[in-house]
Amino acid sequence: MTTNTVTSVSTTTAAAIAAAGTARTRMDFGKAAPKAFRALIGFDAAAREGLDPALVELIQIRASHLNHCAYCLHMHTSDARRAGESEDRLHMVAVWREARHFFTPTEQAALALTEAVTRVADAGVPDEVYAQAAAHFEETELAQVLALILAINTWNRVALATGKVAGTDERRR
């Protein structure tokens, strides 16, 4: 890629994000259902408690990939970068099975569980996937991982149903 192409891509990306800032969502879920929104925030915070922040972001990124949630994917990859996550690992999350060497066995178990729970309607949560996760996490921590997977799947559905626009992170306003 030439310097002009890189500059053009950067300019295009900045313009797209600026344009997204003027786009409107269908509904402000937090204002329309404040009790439910606060409960979800509380559940999300409780789910994260005691988990490695890098693992939290990997789980949220993978579920957002699977759910095609651009809003959450943009938010969580940005959060991961700010927390020091490498670009290499961020690029490999979607294909982690083919790039296992980028992830620890514990992260691989969490990613597999994330996929199974996110796609639960396809095949349930296979015993092998659950057993692998249980081998890497103590029961309390495994429950936290499961809660986090449930939380991000709920957030993905809220963002998709209300038409959240990628690049507009309302937490930063």
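Seven salt bridges turn up in this structure, a salt bridge being a side-chain nitrogen of Lys or Arg within 4 Å of a carboxyl oxygen of Asp or Glu. The model is a predicted one, in which local features need pLDDT of at least 70, side-chain atom pairs count only at pLDDT 80 or more, and totals for chains, interfaces and linings use all residues. Residues are numbered from 1 along each chain as its sequence is written, and side-chain values use heavy atoms, with hydrogens and water left out.

Side chains of opposite charge can pair when their charged atoms come close.

Arg89 has a salt bridge to Glu85, at 2.5 Å from N to O, and another to Glu107, at 2.9 Å between the closest N and O atoms. The second pair ties together distant parts of the chain, 18 residues apart: Arg89 sits in helix 6 (residues 87-92) and Glu107 in helix 7 (residues 105-118), helices being DSSP runs of H or I with at least four residues, numbered from the N terminus. Arg89 is buried at 15%, and Glu107 is buried at 9%.

As for disulfides (cysteine sulfur atoms within 2.5 Å of each other), the structure has zero. The sulfurs of Cys69 and Cys72 are 3.4 Å apart, so they are too far for a bond. Cys69 is buried at 1%, and Cys72 is buried at 3%.

Methods:
Buried < 20%, exposed > 50% of the residue type's maximum accessible area, 1.4 Å probe, protein only. Helix = DSSP H or I, 4+ residues; strand = E, 2+ residues; numbered from the N terminus.
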